[in-house]
Amino acid sequence: MDLEYLTEDYAVTGQIKPEDLAVLKGQGFNTVLCHRPDHEGEGQPEFSEIAAAAEALGMKAAYLPVAIPQGATEEDHAAYRDALAVTQGPVLAYCKGGGRAKNMWKAAQG
């Protein structure tokens with residue numbers, strides 16, 4: 001995983017796998033936000049697998065898919081803001097390559 005820290009307690013990355021959650025937990029992450037729709041690419045783990053692995057480690061996970069990087073709707077942004085309001089940091093957000101995750105964070109900054 002190649003993490004890009006946008007703040008001290010918020011990072012983005014590309015697609016993660018369920019087995020990555022233990023490493024992320026060890027790095028201090030408490031919440032994982034998924035901006036990648038299920039079935040977007042071959043071999044991509046479903047969010048339910050990520051969520052189950054996160055839950056088993058005592059982490060929170062939220063599914064906030066965005067279909068295209070520049071195509072986030074106002075509903076997408078509202079759901080993201082709502083999720084951030086109840087997250088426990090540090091937070092890792094991911095999508096296919098990290099772009100959508102970064103764009104969602106940037107849009108929320110105002």
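These legends go with a few close-up views of a predicted model.

**View 1. Here is the open sheet, built from five strands.** Follow the strands across and you get the order β1-β2-β5-β3-β4, with mixed pairing. As background, strands in a sheet pair through backbone hydrogen bonds, and they can do this parallel or antiparallel. At the edges stand β1 (4-7) and β4 (60-63); each has a single partner strand, so one side of each is left without a neighbour in the sheet. Going from one strand to the next, the twist averages 20°.

**View 2. Now zoom in on β2 and β5, a parallel pair.** Strand β2 covers residues 10-13 and strand β5 covers residues 91-94, and four bridges join them. Look for Val 12: its opposite number in β5 is Ala 93.

**View 3. Two helices lie across strands of the sheet.** Helix α2 (residues 47-56) lies across β3 (31-34), β4 and β5, and runs at about 165° to β4. Helix α4 (residues 99-108) lies across β1, β2 and β5, running at about 5° to β1.

View 4. A bit of background first: most peptide bonds are trans, and most residues other than glycine have a negative phi. You'll find Pro 90 in the loop between α3 (74-85) and β5. His 39 sits in the loop between β3 and α2. Is His 39 buried or exposed? Its relative accessible area is 63%, so His 39 counts as exposed.

Definitions and conventions: Residues numbered from 1 in each chain as written. Predicted model: local features only at pLDDT ≥ 70, side-chain atom pairs only at ≥ 80, totals over all residues. Heavy atoms only, no water. Pairing = 2+ DSSP bridges. Axes fitted to C-alpha atoms, helices over the stretch in contact; angles between N-to-C directions. Contact = heavy atoms within 4.5 Å. Buried < 20%, exposed > 50% of the residue type's maximum accessible area, 1.4 Å probe, protein only.
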